[in-house]
Amino acid sequence: MPESYVPKEAIGHGDGGSAALAIGEAESLERRPGAAPPGAGPPGAPVGKPRSLWSDAWHDLCRNPVFVLSALVIVFLVVIAIWPQLIATGNPYRADLAKAQQGSQPGHPFGFDTQGRDVYTRVVYGARASITVGVCATAGAALLGSLLGGLAGFFGGWGDTLLSRLADIFFGIPVILGGLVFLSMVTSTTVWPVVGFIVLLGWPQISRIARGSVVTAKQNDYVQAARALGAGNRRLLLRHIAPNAVAPVIVVATIALGTFIALEATLSYLGAGLKPPTVSWGIDISTASPYIRSAPHMLLWPAGALSITVLAFILLGDAVRDALDPKLR
């Protein structure tokens with residue numbers, strides 16, 4: 001055997017002597033000064049530890065200006081909904097008929113309504129009712145729809161069929177007409193009847209999304225492998241299926257939140273949603289609509305606040321969808 005022959009198995013294992021050293025020196029010369037070795041990844045990144053779907057989605061969201069802007073708007077709305085006195089020191093119920101329908105004045109940038117109440121203060125305080133209805137209704141519809149849809153998709157059988165037919169019945173109920181009929185029988189001035197009605201008609205859409213996600217996830221190989229290893233139904237649902245099926249539900253719920261806020265304002269405008277003395281953008285829009293020609297400021301400010309809020313939640317949902325959907329990468 002010639003002296004220059006080096007076994008292939010020895011190269012890279014420390015047994016090749018001068019041959020292994022020569023290969024290492026050649027690779028070092030080919031790399032640019034300061035460049036990372038092959039397979040090392042970007043500087044500061046953990047070697048051999050790939051990012052999960054959620055960390056990868058969060059990384060994309062932080063670089064998306066639409067998400068950042070809409071998130072800042074939503075955070076601001078949530079803050080003023082909890083602590084409206086931070087930016088509005090007045091009383092939303094205080095009325096001065098001598099200032100009725102007057103425009104902007106020092107200390108009252110949005111003017112006054114038909115009863116002489118400060119429009120700016122009422123717009124700020126109106127965020128509380130809208131955000132409360134939107135968040136509570138979305139949480140209730142998401143929990144109920146995910147639970148029913150997930151169980152129906154996992155177990156199938158007659159329960160799945162019954163849920164599908166029940167969802168079809170609710171889909172056939174016109175939302176506005178159903179709200180007028182249902183809420184007209186309620187005399188409460190709190191937000192909870194409106195929240196309950198929205199949950200009642202909002203869960204079927206989320207249940208269908210959850211059912212489809214669970215049906216798709218339970219057919220994957222890792223679920224079949226876990227079942228073959230003896231994992232029970234509870235472990236399969238909570239540890240393997242739910243984390244991989246929840247992303248579409250989050251996207252739909254985020255977009256639906258803005259829709260539910262608009263629905264509350266519509267029902268309040270028609271007189272079937274929130275009722276006085278609750279401060280609501282829908283109520284103020286309804287009060288100001290007959291005076292659109294003589295005092296347009298009474299309508300434009302609450303309507304603008306409502307539009308910005310709904311748009312922020314819809315844009316946030318679109319950004320979350322783009323980040324969580326691997327087909328859009």
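Trainee: Where does Gln101 sit?
Mentor: Gln101 is in the loop between α3 (65-82) and α4. Keep in mind that this is a predicted model.
Trainee: What's phi doing at Gln101?
Mentor: Phi there is near 65°, a positive value in a residue other than glycine.
Trainee: OK, other loops. Which peptide bond is cis?
Mentor: The one from Pro276 to Pro277, with omega near 10°. Pro277 belongs to the loop between α9 and α10 (281-288).
Trainee: What about α10, is it mostly covered or mostly open?
Mentor: Mostly covered, with six of its eight residues buried. Those are Trp281, Gly282, Ile283, Asp284, Ile285 and Ala288.
Trainee: What do the buried residues of α10 pack against?
Mentor: They pack against α4, α9 and α11.
Trainee: Speaking of α9 and α11, how do their axes cross?
Mentor: The axes of α9 (residues 233-269) and α11 (residues 297-324) cross at roughly 170° and come within 8 Å. That angle makes α9 roughly antiparallel to α11, because anything over 145 degrees gets that label.
Trainee: Which residues make the contact?
Mentor: From α9, they include Ala247, Ile250, Val251, Thr254 and Ile255. From α11, Leu306, Thr309, Val310, Phe313 and Asp318 are among them.
Trainee: How does that contact split by class?
Mentor: It has 15 nonpolar, four polar and two charged residues.
Trainee: Switching to α5. What end-to-end span should it have, and what does the model give?
Mentor: Helix α5 (residues 157-171) has 15 residues, so at 1.5 Å a residue it should span 21 Å. Its end C-alpha atoms are 22 Å apart, which agrees.
Trainee: Which residues of α5 are buried?
Mentor: Asp160, Leu163, Ser164, Ala167 and Phe170. Seen down the axis of α5, the buried residues fall within an arc of 125°, so they line one face of the helix.
Trainee: Why would residues three or four places apart point the same way?
Mentor: Because an α-helix has 3.6 residues a turn.
Trainee: And what does that buried set pack against?
Mentor: The buried residues of α5 pack against α4 (119-155) and α7 (192-217).
Trainee: Which residues are exposed on the other side of α5?
Mentor: Trp158, Leu162 and Ile169 are exposed there.

Terms used
Residues are numbered from 1 along each chain as its sequence is written. This is a predicted model: local features need pLDDT of at least 70, side-chain atom pairs count only at pLDDT 80 or more; totals for chains, interfaces and linings use all residues. Side-chain values use heavy atoms; hydrogens and water are left out. Axes are lines fitted to C-alpha atoms, for helices over the stretch in contact, and angles run from 0 to 180 degrees between N-to-C directions. Helices (H or I, at least four residues) and strands (E, at least two) are DSSP runs, numbered from the N terminus. Angles under 35 degrees count as roughly parallel, over 145 as roughly antiparallel, 65 to 115 as roughly perpendicular and the rest as oblique. Contact means heavy atoms within 4.5 Å. Ala, Val, Leu, Ile, Met, Phe, Trp, Tyr, Cys and Pro count as nonpolar, Asp, Glu, Lys and Arg as charged, and the others, Gly among them, as polar. The expected span of a helix is 1.5 Å times one less than its number of residues. Buried means under 20% relative accessible area, exposed over 50%, partly exposed in between (1.4 Å probe, protein chains only). The arc is that of the directions from the helix axis to the C-beta atoms.
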